[in-house]
Amino acid sequence: MTATVTKDAQEQVLGIVRKSQEMTLDAIKQVVETMNTAAEKLPGMPFADKLPSLHQLPGAAALPTPETVVSATFDFLEGLLAEQRKFVGELITSTAPLRPAAKPGSAAEEPAPAGE
């Protein structure tokens with residue numbers, strides 16, 4: 001039963017995260033659309049042609065794209081999480097002799113409800 005409650009709670013959290021991500025993306029898309037519409041109505045900036053653009057800045061060509069940075073970051077975090085999972089698995093295995101063995105139907109298998 002505890003595993004089912006935990007899984008349900010995890011699924012609810014993931015659902016909330018997905019929903020908040022969708023709402024954030026929708027809001028960002030609306031802001032971008034509004035900014036683009038407003039920018040089209042603004043008069044041209046005087047001397048705009050004199051300002052440096054990103055590709056004119058020294059070293060800008062060597063910078064990675066945002067997509068590359070995000071991809072590399074998540075690749076690193078996936079590796080880190082895999083190493084942590086492996087470490088914790090080995091830790092649990094190593095400390096198993098220190099924990100009392102749970103007997104089927106014992107209190108150790110199913111925690112008591114809160115308040116008892």
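Let me start with glutamate 11, which is partly exposed at a relative accessible area of 42%, where partly exposed lies between buried, under 20%, and exposed, over 50%, taken with a 1.4 Å probe and protein chains only. Please keep in mind that this is a predicted model, in which local features need pLDDT of at least 70 and side-chain atom pairs count only at pLDDT 80 or more, while totals for chains, interfaces and linings use all residues. Residues are numbered from 1 along each chain as its sequence is written, and side-chain values use heavy atoms, with hydrogens and water left out.

Glutamate 11 forms a salt bridge with lysine 7, their closest N and O atoms lying 3.7 Å apart, the term requiring a side-chain nitrogen of Lys or Arg within 4 Å of a carboxyl oxygen of Asp or Glu. The two residues are four apart in helix H1 (residues 2–41), so about one helical turn separates them, and lysine 7 is likewise partly exposed, at 48%. By this rule the count is one salt bridge.

As for the chain, it has two helices and zero strands, these being DSSP runs, H or I of at least four residues and E of at least two, numbered from the N terminus. Of its 116 residues, 1% count as buried.

Turning to helix H2 (residues 66–95), phenylalanine 76 is placed there and is exposed, with a relative accessible area of 54%.
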